Amino acid sequence: MTIRPLLSVPLLILGLACSAPSPQDASTSTELPAAPSSPSAAAAQAPAVVSPHAPDPAAARAFQRLPEDAKKAYLAADLVVVARLEKPRIESILEVAPPIFVHAFDVVVDRRLGGSALPARLSAHWSTRDRGEPWPADVPMIIGLTRLEANLKGEGTRYEVVLIEPHTAALEAAIASARAPAEPALSWSVRQIAPASVVQWSNEYGDGEFELTLRNDGGGALIVPGLFASAGKVHWVEALVVRDEHGRELPLSKASVPAGATPVALAPGETLATRVDVKPLGLLHPPGGGRVEYSFGLGELRTSSFFYYTHTLHGPLMGKP
C-alpha cells in the first residue's frame, strides 16, 4: 500500500490521560510540519473529545440477530440515517432477467446513526430486484448510504442506497449499538488523482490513487478519533480502513500505533491530507474494464470513490487480493 504525504496546515498534537497503544513494527507514515512555537489561541485551547460509544447490551444482541446481509450492509455503509422520502418513484427498469428497478427519491434526514455529517436533504438512487413499486412518501425509514465522490471528467458527489427499511425504534436502537455519528465538525473527503499520462477510454478516472482530506470546520480544536502521531509523523496506515465493493475490509497495516504516540488534534479550519494507492490491494474478480469502487474510512468518517479499471493497463500493476 502506498501512502504519500501531502502539505497540510500546522497541527496540534495533544496527549490524553491514557496509555498509548502497544508498540509494533513501524510502517509508512505521513510527515507533519514542525509545530509552531506559539500556537494560535484556538489551537491552544483544550480540544473537544468525542465521548466513547457505550451501546446498550440488549440492543447489541438485537443487532446480532439481524439478517447477515443487513448486518454487513449497516456496518459497511458510509452513512446510516433515519429519514423520510420525498418524491419516491421508479426512475427506470433495466430489462434483464429478473429486472432491476432503479428507484429515485429525495432523502430528508432526521438524524444520523452512523457516519459523518451530510446535507439535510439529498437525492439518492437505489437499484434492486426485490421491490417493483415506490416506497411511500413521508414515512420514517432507516437508510444505509454510499457517498460516492468523483472530480474527474466533470463528475461530482452522488448518493447510492445500500439498504433501506421501514423505521422502528427497536431497529434504530440495534443499529445505534453498532454505529455512531462522527463529530459533525470533522469533514472527510476524497478526490481522484489524475493520471500522469491519460490513455483514452482506459484511465480518464485515474490509476487508483486518491487524495483524502480531513478538515475541522468547527469553532474549537478537535481531537480526531483513532488518529495518532509520534516523532512528527501521522500514523495514517494504522488508522485507515479501505472497504471494497465485495465487502472486504482492508486495513492498510497490521501494525499497531507505536508506544508514546499521541492523538492528533486539529485547530479550527485546519486540514490534514494524505494519498492512498489502492492497486496493491488487488481485486477479487478483475473485470476486463469497469468502475471499481472503494470506501475510505477513518473510524466513522467514511466516503467513497472509484477508478475505471482497465485490465490491459492496470492488471500488471495490481497486487494479490
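This is a predicted model: local features need pLDDT of at least 70, side-chain atom pairs count only at pLDDT 80 or more; totals for chains, interfaces and linings use all residues.
Leaving aside its neighbours within four places in sequence, which residues is Ser 305 in contact with?

Residues are numbered from 1 along each chain as its sequence is written, and side-chain values use heavy atoms, with hydrogens and water left out.

Ser 305 is found in strand 18; strands (E, at least two residues) and helices (H or I, at least four) are DSSP runs, numbered from the N terminus. Beyond its neighbours within four places, Ser 305 is in contact with Leu 148, Glu 149, Ala 150, Val 190, Gln 192, Phe 210, Val 292, Glu 293, Tyr 294 and Phe 296, where contact means heavy atoms within 4.5 Å. Ser 305 counts as buried because its relative accessibility is 0%; buried means under 20% relative accessible area, exposed over 50%, and partly exposed in between (1.4 Å probe, protein chains only).

Glu 149 lies 156 residues from Ser 305 along the chain, yet the C-alpha atoms of the two are separated by 5.1 Å. The side chain of Ser 305 reaches the backbone oxygen of Glu 149 at 2.6 Å.

## Nonpolar cores

A nonpolar core is a set of buried Ala, Val, Leu, Ile, Met, Phe, Trp, Tyr and Cys residues joined through side-chain atoms within 4.5 Å. The largest has 35 residues, of which Leu 214, Leu 227, Phe 296 and Leu 298 touch the most other members. Elements that each supply at least two residues of this core include strand 10 (209–216), strand 11 (222–230), helix 5 (236–239), strand 17 (289–298) and strand 18 (301–310). Apart from this core lies another, of 18 residues, among them Trp 126, Trp 135, Leu 145 and Val 161.

Not counting residues up to four places away in sequence, Leu 298 touches Trp 188, Leu 214, Val 224, Pro 225, Leu 227, Trp 236, Ala 239 and Leu 240.

## Packing of helices 2 and 4

The axes of helix 2 (residues 57–64) and helix 4 (residues 169–176) come within 7 Å and cross at roughly 95°. The two helices are therefore roughly perpendicular to each other. Ala 59, Ala 62 and Phe 63 of helix 2 make the contact with Ala 173, Ala 174 and Ile 175 of helix 4.

## Overall composition

The protein has six helices and 18 strands. Of its 321 residues, 48% are buried. Among contacts between residues at least 6 apart in sequence, 74% join residues at least 24 apart.

Conventions:
Axes are lines fitted to C-alpha atoms, for helices over the stretch in contact, and angles run from 0 to 180 degrees between N-to-C directions. Angles under 35 degrees count as roughly parallel, over 145 as roughly antiparallel, 65 to 115 as roughly perpendicular and the rest as oblique. A polar contact is a pair of N or O atoms within 3.5 Å; within protein, one must be able to donate a hydrogen and the other to accept it, and residues adjacent in sequence count only if both atoms are side-chain atoms.
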